[in-house]
Amino acid sequence: MGAQAITVRIGGKSYPMTVETSQEEETIRKAERLIRDKMKLYEEKYAVTDMRDLLSMCVLQFATEAMENEEKVG
């Protein structure tokens, strides 16, 4: 396939990226949807509208989940 340019939108901003495979693009698109869905959930559940706050809440949840998974594996 070769390198392909894609754009990811998160928190109202666009981020250009380069992917090497269609599998890599698919994984990034899934992550993009996951982040957007989580931000929407926090926005609705906690009436948070500030993008930084929403992103911070997502990062905290994803980091916590990653640590929990690491503990299960390790």
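Accessible areas come from the Shrake-Rupley method with a 1.4 Å probe, and for residues only the protein chains shown count as cover.

**Figure 1. Overall view of the predicted chain.** This is a predicted model, in which local features need pLDDT of at least 70 and side-chain atom pairs count only at pLDDT 80 or more, whereas totals for chains, interfaces and linings use all residues. Residues are numbered from 1 along each chain as its sequence is written, and side-chain values use heavy atoms, with hydrogens and water left out. The accessible surface of the chain is about 5,700 Å², and carbon and sulfur atoms account for 54% of that surface. The chain holds 2 helices and 2 strands, in the order β-β-α-α from the N terminus; helices (H or I, at least four residues) and strands (E, at least two) are DSSP runs, numbered from the N terminus. The radius of gyration of the chain is 15 Å, well over the 11 Å that the globule rule gives for 74 residues, so the chain is more spread out than a compact globule. That radius is taken over C-alpha atoms, and the globule rule is 2.2 Å times the number of residues to the power 0.38. Along the principal axes, the C-alpha atoms fill a box of roughly 40 × 35 × 15 Å. Of the 74 residues, 19% count as buried, where buried means under 20% relative accessible area, exposed over 50%, and partly exposed in between (1.4 Å probe, protein chains only).

**Figure 2. The hairpin of S1 and S2.** The two strands pair in the antiparallel sense over 7 bridges; pairing requires that DSSP find at least two bridges between two strands. The hairpin has 2 residues between its strands, and Gly 11 in the turn has a positive phi of about 60°. Ala 5 stands opposite Thr 18 in S2.

**Figure 3. Surroundings of Met 17.** Met 17 belongs to strand S2 (residues 13–19) and is partly exposed, with a relative accessibility of 32%. Neighbours within four places in sequence aside, Met 17 is in contact with Gln 4, Ala 5, Ile 6, Val 8 and Ile 28; contact means heavy atoms within 4.5 Å. Gly 74 lies 57 residues from Met 17 in sequence and 32 Å away in space, C-alpha to C-alpha.

**Figure 4. Helix H1 and its buried residues.** The end C-alpha atoms of H1 are 36 Å apart, in agreement with the 36 Å that its 25 residues should span at 1.5 Å a residue. The expected span is 1.5 Å times one less than the number of residues in the helix. Buried positions in H1 are Glu 25, Ile 28, Glu 32, Lys 38, Met 39 and Tyr 42, and these residues pack against S1, S2 and H2. Glu 25 has a relative accessible area of 18% and is therefore buried; residues up to four places away in sequence not counted, Glu 25 touches Gln 4, Ile 6 and Val 19. Ala 47, which follows H1, has a positive phi near 55°.

**Figure 5. The largest nonpolar core.** This core has 10 residues: Ile 6, Val 8, Ile 10, Val 19, Ile 28, Met 39, Tyr 42, Val 48, Leu 54 and Cys 58. Strand S1 (4–10), H1 and helix H2 (51–73) each give two or more residues to this core. A nonpolar core is a set of buried Ala, Val, Leu, Ile, Met, Phe, Trp, Tyr and Cys residues joined through side-chain atoms within 4.5 Å. Residues up to four places away in sequence not counted, Tyr 42 touches Ala 47, Val 48, Leu 54, Met 57, Cys 58 and Gln 61.
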